Amino acid sequence: MDAPMNLKQLAQHLGISQTTVSRALNGYPEVSEATRKRVLDAAQALDYAPNARAKGLATGRAMAIGHVIPISTQHEMVNPVFGDFIAGASEAYLAAGYDLTLSMTNDDDEADNYRRLKSKGNVDGIIVHGPKMRDGRIPFLRRLGLPFVVHGRASEVDEPYSWVDVNNARSFRRATEFLLDFGHRRIALVNGLETMDFAFRRRHGYEDALTARGLAADPALMTGQEMTEPNGYADAARMLALENPPTAFLTSSVISAIGVRRAIHEAGLEMGRDVSVITHDDDLSYLRNGPDLPMFTALRSSVREAGRRAADMLLRLIAEPRETPETALLEAQLIIGASTGPAPR
């Protein structure tokens, strides 16, 4: 069996310096996109795999990124959103020669876990998942001096930090306006847990759109809890049984939307004709929104791409520590599917 290609051989094959090849593989910003693509394509075609141990000895780094999941939110590990994010992040780690370290921790042990990771030198940086509005992990990690990037934002944290997020407020305002333009006035919100920052922002986008049209949000049509199919079903069934039921639903997850669809069907109604539904996060690898025509009208933002962006950002912060944090606000597309139509007369 041939020996694996090393960095020197890859550089000779490409006719460029080892420094440029190394910088391209590690996401340095001064390397042009054309050069980076050429290097990555060649590395893949020639099965180049950097020796993480040798690279770590040379750089003084662990060559690993940590993802710490509190036990209270361990359900996230089986959530397809989390899976897609990890898949996207792993692509960036692999290209840069980094490993991914996933660990579980008790909620009251999380700070100690970060300290252990830092003191043992097990990881070079951390991705923070599921930020709450007031998230103590952010100021703690800043004091600890461990590079980190947050997937999302924390509205009540004033300190600067690096993050990648979707414009949740704008997305849900746009979706609500879309339903209002169809004549819907009784629009229900099936949201995630509103202690989580993304859900808080989504509710505000929804409420802002209603207020702009002179409508008041009805508490009976608003719910926020874990985004599961049974919860989506139960919430929708309860609302559809009201004396003045909703004619449309806006959901924070396609998983919840599937439950909403089941409740609509069991009520003897047809989705898209009698009751409209718009969902968020429909672009998931293992939960596709219909093969051709999308089943649901959806706010689409690739979670896999967010994972890549967050990982690339963290690798840059590790390679070149800086005072000014880096941020990325992603916009969601409104994809028209079969689940929406004019409000019934």
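## A sheet, its helix and some salt bridges

Let's start in helix H3 (residues 33–45), where Glu33 and Arg36 both sit, 3 residues apart, about one turn of the helix. Helices here are DSSP runs of H or I with at least four residues, strands are E runs of at least two, and both are numbered from the N terminus. Keep in mind that this is a predicted model: local features need pLDDT of at least 70, side-chain atom pairs count only at pLDDT 80 or more, and totals for chains, interfaces and linings use all residues. Residues are numbered from 1 along each chain as its sequence is written, and side-chain values use heavy atoms, with hydrogens and water left out.

Glu33 and Arg36 form a salt bridge, meaning a side-chain nitrogen of Lys or Arg within 4 Å of a carboxyl oxygen of Asp or Glu. The structure holds 22 salt bridges; here are three of them.

| Glu33 | Arg36 | 3.4 Å |

Glu33 is exposed at 59%, while Arg36 is buried at 12%. Arg262 is partly exposed at 33%.

Now for the sheet. It is open, with 6 strands in the order S7-S6-S8-S9-S10-S12 and mixed pairing; two strands pair if DSSP finds at least two bridges between them. Strand S7 (222–224) and strand S12 (333–335) are at the edges with a single partner strand each, so one side of each has no neighbour in the sheet.

Helix H11 (residues 254–266) packs on the sheet and touches strand S6 (187–191), strand S8 (248–251) and strand S9 (276–280), contact being heavy atoms within 4.5 Å. Together, S8, H11 and S9 make a β-α-β unit that is right-handed: with the strands pointing away from the viewer, the path from the first strand over the helix to the second runs clockwise.

S9 runs parallel to S8, joined by 4 bridges, and pairs with S10 in the parallel sense over 3 bridges. In S9, 5 of its 5 residues are buried. S10 and S12, in turn, run antiparallel, with 3 bridges.

Technical notes
Axes are lines fitted to C-alpha atoms, for helices over the stretch in contact, and angles run from 0 to 180 degrees between N-to-C directions. Buried means under 20% relative accessible area, exposed over 50%, partly exposed in between (1.4 Å probe, protein chains only).
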